[in-house]
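Biologist: Could you walk me through how to read a model like this one? I would like to begin with its domains.

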Amino acid sequence: MADSTIAFKGTKEQEAKLMEAIELHRSQPGPLMPVLQAAQDIYGYMPREVLEIISRQMQMSLSDIYGIVTFYSQFHLEPKGKHKIHICLGTACYVKGAGKILERFEKELGIKDGECTPDGNFSIDALRCVGACGLAPVMSVNDDVYGKVTEDQVPEILAKYKA
């Protein structure tokens with residue numbers, strides 16, 4: 001497992017919530033997925049330290065837990081930003097310029113696909129298809145969806161979330 005370049009900053013309150021989730025699900029059939037989902041909600045990502053706690057408490061190997069976390073795209077090993085930018089790179093979106101939009105976001109924020117800004121405000125993730133081809137190119141920031149986006153709109157979109 002690769003070590004994150006971002007220091008883990010978990011709190012005692014977060015750890016207490018994690019322990020509550022483990023206790024809540026421990027006796028249920030298939031307890032690991034709800035525990036992992038709770039951990040993701042509590043911490044925003046799955047740092048090694050959290051996986052180690054789950055491993056100890058659930059009496060499962062760290063490698064088995066890591067295998068599950070890396071298999072499912074809902075789990076993230078690196079922190080995501082307060083503002084999560086998702087850009088569709090499916091065929092319709094890509095043909096209509098989504099690659100250029102992604103490049104513009106990367107340039108404006110100084111990060112690459114899959115990364116988070118050092119201040120924790122923004123992260124960028126490219127997606128394969130969001131199923132909104134009629135609005136191509138499509139992107140979102142958190143729960144706000146933008147359709148028919150152009151590269152020139154990137155600074156304006158970012159400005160809404162920097163304020």
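Modeller: Domain bounds come from an automatic or database domain assignment. Here that assignment gives domain 1 (12-71) and domain 2 (83-162), and their centres, taken over C-alpha atoms, are 30 Å apart. This is a predicted model, where local features need pLDDT of at least 70 and side-chain atom pairs count only at pLDDT 80 or more, while totals for chains, interfaces and linings use all residues. Residues are numbered from 1 along each chain as its sequence is written, and side-chain values use heavy atoms, leaving out hydrogens and water.

Biologist: How many helices and strands does the protein have?

Modeller: Helices (H or I, at least four residues) and strands (E, at least two) are DSSP runs, numbered from the N terminus. The protein has seven helices and four strands, in the order α-α-α-α-β-α-α-β-β-β-α.

Biologist: Which residues have the most contacts inside the largest nonpolar core?

Modeller: In soluble globular proteins, nonpolar side chains tend to be buried together. A nonpolar core is a set of buried (under 20% relative accessible area, 1.4 Å probe, protein chains only) Ala, Val, Leu, Ile, Met, Phe, Trp, Tyr and Cys residues joined through side-chain atoms within 4.5 Å. The largest has 24 residues, and Ile85, Ile87, Phe105, Leu109, Ile124, Met139 and Ile157 have the most contacts inside it. Helix 6 gives the largest share, five residues. Another core, of 17 residues, lies apart from it and includes Leu18, Ile22, Leu32 and Ile42.

Biologist: What share of the protein is buried?

Modeller: Buried residues make up 39% of its 163 residues.

Notes. Buried means under 20% relative accessible area, exposed over 50%, partly exposed in between (1.4 Å probe, protein chains only).
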